Amino acid sequence: MRTGYFYSLVFALLTSASVAAIAAPATKIEAVTSPSTMQVAPSGEAAKVNLNTVDATTLQRELAGVGEAKAKSIVAYRESNGPFSSVDELLEVKGIGKAILDKNRDKLEVN
């Protein structure tokens with residue numbers, strides 16, 4: 001008789017603990033927002049990155065396959081050789097190959 005009573009108490013304790021865990025309010029997760037200076041293009045048209053005015057951080061964020069080192073190389077090339085005359089001139093930058101250019105061609109422009 002005592003073991004039956006003991007098991008009933010243990011069962012009640014475990015059940016109430018599991019109910020309390022399920023009913024506990026979820027912790028509130030705060031969204032981290034970072035300041036962004038991205039220009040929004042008109043609807044139906046994708047925003048393009050101007051190779052002659054953009055900074056390394058934006059290049060890294062907007063272009064596929066371009067990390068910090070490649071983005072800095074693009075900016076350094078522009079500073080030493082002047083503005084880009086065409087998107088294809090990006091192939092002159094060390095670390096930028098045809099595959100990266102082809103992936104990002106529709107996102108790039110020179111003005």
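How does lysine 72 count at 48% relative accessibility: buried, partly exposed or exposed? Lysine 72 counts as partly exposed, where buried means under 20% relative accessible area, exposed means over 50%, and partly exposed lies in between (1.4 Å probe, protein chains only). Please keep in mind that this is a predicted model, in which local features need pLDDT of at least 70 and side-chain atom pairs count only at pLDDT 80 or more, while totals for chains, interfaces and linings use all residues. Residues are numbered from 1 along each chain as its sequence is written, and side-chain values use heavy atoms, with hydrogens and water left out.

**Overall layout**

- The chain has four helices and two strands, taken as DSSP runs (helices: H or I, at least four residues; strands: E, at least two) and numbered from the N terminus.
- Of the 111 residues in the chain, 23% are buried.
- The accessible surface of the chain is about 8,500 Å², and carbon and sulfur atoms account for 60% of that surface; such areas come from the Shrake-Rupley method with a 1.4 Å probe, and for residues only the protein chains shown count as cover.
- Taking contacts (heavy atoms within 4.5 Å) between residues at least 6 apart in sequence, 47% join residues at least 24 apart.

**The nonpolar core**

- The largest nonpolar core holds 19 residues, and Leu59, Ile74, Leu90 and Leu108 have the most contacts inside it; a core of this kind is a set of buried Ala, Val, Leu, Ile, Met, Phe, Trp, Tyr and Cys residues joined through side-chain atoms within 4.5 Å.
- Helix H2 (56-62), helix H3 (68-81) and helix H4 (98-104) are the elements that each give two or more residues to this core, and H3 gives the most, with four residues.
- Beyond its neighbours within four places in sequence, leucine 59 touches Val49, Leu51, Val54, Val66, Ala71, Ile74 and Val75.

**On the surface**

- Phe6, Tyr7, Val10 and Leu14 make a nonpolar surface patch of about 440 Å²; patches are built from residues with over 30% relative accessible area and no salt bridge, joining like charges within 9 Å and nonpolar side chains (Val, Leu, Ile, Met, Phe, Trp, Tyr) within 5 Å.
- Phenylalanine 6, one of the patch residues, belongs to helix H1 (residues 2-23).
- Alanine 69 sits in helix H3 and is exposed, at a relative accessible area of 58%.
- Although 26 residues separate alanine 69 from glycine 95 along the chain, their C-alpha atoms are 8.8 Å apart.

**Salt bridges**

- Side chains of opposite charge can pair when their charged atoms come close.
- You will find five salt bridges in the structure, each a side-chain nitrogen of Lys or Arg within 4 Å of a carboxyl oxygen of Asp or Glu.
- Glutamate 68 pairs with lysine 72, with 3.0 Å between the closest N and O atoms; both residues lie in helix H3, four residues apart, or about one turn of the helix.
- Like lysine 72, glutamate 68 is partly exposed, with a relative accessible area of 46%.
- Arginine 61 and glutamate 62 form a salt bridge at 3.3 Å, N to O; arginine 61 is partly exposed at 44% relative accessibility, and glutamate 62 is partly exposed at 22%.
- Aspartate 102 and arginine 105 form a salt bridge whose closest N and O atoms are 3.8 Å apart.
- Through shared partners, salt bridges link Asp88, Lys98, Asp102 and Arg105 into one network.
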